[in-house]
Amino acid sequence: SVNGYRPGTHYRHYKGGQYVIVALANSCSGPVVVYRSDKGECWLRPQEDFESWVDVGGQRLRRFALEAG
């Protein structure tokens with residue numbers, strides 16, 4: 001795993017969607033996280049973006065937060 005990401009780990013997007021890590025990969029521009037929505041859609045995002053913080057209504061939140069499990 002890269003930085004603790006493991007396939008099968010569940011995360012919640014700050015907008016409420018639930019996602020599961022499918023894989024970690026390296027691209028020409030750096031590490032990427034491959035993840036799947038609870039609707040079955042697969043997405044690819046640079047690891048740096050996956051780990052980023054967002055400002056929502058004056059509150060600072062992680063873009064993706066690890067789900068307790």
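The questions and answers below go through a predicted model of one protein.

User: What share of the residues count as buried?

Analyst: A residue is buried when its relative accessible area is under 20%. The accessible surface of the protein is about 4,800 Å², and carbon and sulfur atoms account for 48% of that surface. Of the 69 residues, the share that counts as buried is 28%.

User: Among contacts between residues at least 6 apart in sequence, what percentage join residues at least 24 apart?

Analyst: The contacts considered here are those between residues at least 6 apart in sequence. Of these, the part joining residues at least 24 apart is 28%.

User: How far apart do the centres of the positive and negative side chains lie?

Analyst: The protein has 9 positive side chains and 7 negative ones. The distance between the centres of the two sets is 3 Å.

User: How many disulfides are there by the distance rule?

Analyst: A disulfide is a covalent bond between the sulfur atoms of two cysteines. The rule asks for a pair of cysteine sulfur atoms within 2.5 Å. Cys28 is exposed at a relative accessible area of 92%, and Cys42 is exposed at 53%. By the rule, the count of disulfides is zero.

User: Is His13 buried or exposed?

Analyst: His13 lies in strand β1, which covers residues 10-13. Leaving aside neighbours within four places in sequence, His13 is in contact with Tyr19, Arg63 and Phe64. The relative accessible area of His13 is 12%, and because the limit for burial is under 20%, His13 is buried.

User: Which residues does Tyr5 touch, not counting residues up to four places away in sequence?

Analyst: Tyr5 sits in the segment before β1 and counts as buried at 6% relative accessibility. The C-alpha atoms of Tyr5 and Ile21 are separated by 7.4 Å, although the two residues are 16 apart along the chain. Ile21 is one of the residues that Tyr5 touches.

User: What is the separation between the C-alpha atoms of Ser27 and Pro46?

Analyst: Ser27 belongs to strand β2, residues 18-27. At 33% relative accessibility, Ser27 counts as partly exposed. Ser27 and Pro46 are 19 residues apart along the chain, and their C-alpha atoms are separated by 8.8 Å.

User: Where is Ser29 found, and what separates its C-alpha atom from that of Leu44?

Analyst: Ser29 is in the loop between β2 and β3. With 73% relative accessibility, Ser29 counts as exposed. Ser29 and Leu44 are 15 residues apart along the chain, and the separation of their C-alpha atoms is 13 Å.

Methods: Residues are numbered from 1 along each chain as its sequence is written. This is a predicted model: local features need pLDDT of at least 70, side-chain atom pairs count only at pLDDT 80 or more; totals for chains, interfaces and linings use all residues. Side-chain values use heavy atoms; hydrogens and water are left out. Buried means under 20% relative accessible area, exposed over 50%, partly exposed in between (1.4 Å probe, protein chains only). Contact means heavy atoms within 4.5 Å. Accessible areas come from the Shrake-Rupley method with a 1.4 Å probe; for residues, only the protein chains shown count as cover. Lys and Arg count as positive and Asp and Glu as negative; His and the chain ends are not counted. The place of a charge is taken as NZ of Lys, CZ of Arg, CG of Asp or CD of Glu. Helices (H or I, at least four residues) and strands (E, at least two) are DSSP runs, numbered from the N terminus.
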